[in-house]
Amino acid sequence: MLTPTRSLSQVTVCLLLLGVLGFAMSAQYAIGMPPLLKADEKQHAAYAIVLSQGVLPTIDTNTPADPVRYPQFAEALFGLDEPRRDIWVANHPPLFYVMSLPLVWLGDAVGNVGVTLLGMRLLNALGYALSIILVGLLARELVPRRRVVPVLAAAMVLGCGAVTYDGGAIYNDGWGTVAASLTLLLGFRMIREGVTRDRLIWATVAGVAAASFRSTGLVAVLVLGACVLAALWLRDPTLRTFRRGVLLAIRIGLAPVVVIGWFYVRNIVLYGDATASAALFEKFSRQTHGDTLFQLVNPELYLHLYGSLWADDVIPKIWIVAAAATLAVTVTGMVLDVNAKARPRPDGVMRRVVIPGPEPTVLERRLEVAVRALMGIYCVIIIVNLASFHAGGGWIHARYAVPFLSVIAALTSLAILRVGRHWVRGIDEEEVDLRITLYASVGFIVSAMVAHLHIQQRIDGPADASWLFALIAADLVMFVVAAYVTAQLRRRLRPGGELFARRSSDDQPRVAQVSH
């Protein structure tokens, strides 16, 4: 059953604006950073280059280092030991590198591999920009009745300096996050709106893509199957419905097996496990950090993971202060919110929040609990895998915190809305929410720009005059985009503005549709 075509809501427009700004910032890094500066860039780029030659690399395949054809690689590999001269990221599925093939062919056509490197950076930048938008959309699924939460969540992600910084490098994380987030989003939409043939098809395609970008995408496919089962069972808790849900979940799970399962089988044959983790730890003689259980109960793992979003790689460690401040606001706000619901006050931060619109039905509340529970299950599985990876000797980077951003950003947004009531007053709750969101979003944008300039000071820019001109032009474009996005947010979020004045069809209570 086809759902009616709907115009973009004002919330969605705000998310798109924040995504455009995220792309502008990541693109500036892509242009300004010297070639192959960040860790693993050499290997990700080499994967695509070797693949373009008709060879699917292994973790022991040498990185191309011809000083004439690939001078950037020859310079970057100089002095490295043998294991670090290999394409050790070849344990990843090939979809991102297949997407990069036209960029490799373009670089070969013009005789300049630099075109390929910049193109792959911009490709990842687009993925990260879309991820910012999807974080907001997932936040809307987690907190459906607070219309400003998606905007505030996306702005918060933009303020994490490491997000846009990593977006300017050659990584497969951007598009891997897009596919996994889209898989979850479509699954949650089916819980809220019902299971239809079209939704099943698109969700399955997204799931296959997620599994073809990164192995963590398989977790999203698992949760997608659970979403379909929950969507059917909660509306019709009968044995027949349960059987149908299980059958659909199995079909969804089989799709990635048929399309990309061969790659994981290949990893098992070559390295002994589906992700080649053990082989990579042995290759680089990594030392273990305890066992998985130890890491799961180790607060340092979570603090490091959270702090890496603001201070990772060359980002000055002073930005850990921003992480600490955001965490403090989040914890404080959530405690106040719980206390306000238990013992509300007539005014101030402890007053009860009255959300406009009809009260949700029992079914809608159950569907909301199901969405949050499944998102929690997804995060738990990812953190267990991450703890196992770290225990085996793996390092923690900001990229590994990205799957948790939708939950982190949603909680931070709710906390800011609660704490902000101490300073912001309005006629009603929606007006207060809009004002807090506007002020906080602009604050995150300003913080993101300051972090951006601070990070630039730690990066040696290109010496070539033409690249220097491109860098200056990229900076100007980035600041113009930031100014435009800020002005648009002010127009759309201010009380009496477009978002406040009317509810679009996309913000109305959703009607469940089930196709049998």
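A disulfide is a pair of cysteine sulfur atoms within 2.5 Å. I applied this rule to the structure and counted 0 disulfides.

I noted that the model is predicted, that local features need pLDDT of at least 70 and side-chain atom pairs pLDDT 80 or more, and that totals for chains, interfaces and linings use all residues. Residues are numbered from 1 along each chain as its sequence is written, and side-chain values use heavy atoms, with hydrogens and water left out.

**Cysteines.** I looked up Cys14, which is in no disulfide; the nearest cysteine sulfur belongs to Cys160 and is 19 Å away. Cys14 is buried, because its relative accessibility is 0%. Here buried means under 20% relative accessible area, exposed over 50% and partly exposed in between, with a 1.4 Å probe and protein chains only. I then turned to Cys379, which is also in no disulfide, with the sulfur of Cys227 the nearest at 12 Å. Cys379 has 12% relative accessibility, so it counts as buried.

**Helix 20.** I found helix 20 at residues 465-493. Helices are DSSP runs of H or I with at least four residues, numbered from the N terminus. From first C-alpha to last, the 29 residues of helix 20 reach 42 Å, close to the 42 Å expected at 1.5 Å a residue. The expected span is 1.5 Å times one less than the number of residues. Buried residues in helix 20 include Leu471, Asp475, Gln488 and Arg492.

**Ala340.** I placed Ala340 in helix 16, residues 320-342. Ala340 counts as buried because its relative accessible area is 1%. Leaving out residues up to four places away in sequence, Ala340 touches Val349, Met350, Arg351 and Arg418, where contact means heavy atoms within 4.5 Å.

Key. Helix = DSSP H or I, 4+ residues; strand = E, 2+ residues; numbered from the N terminus.
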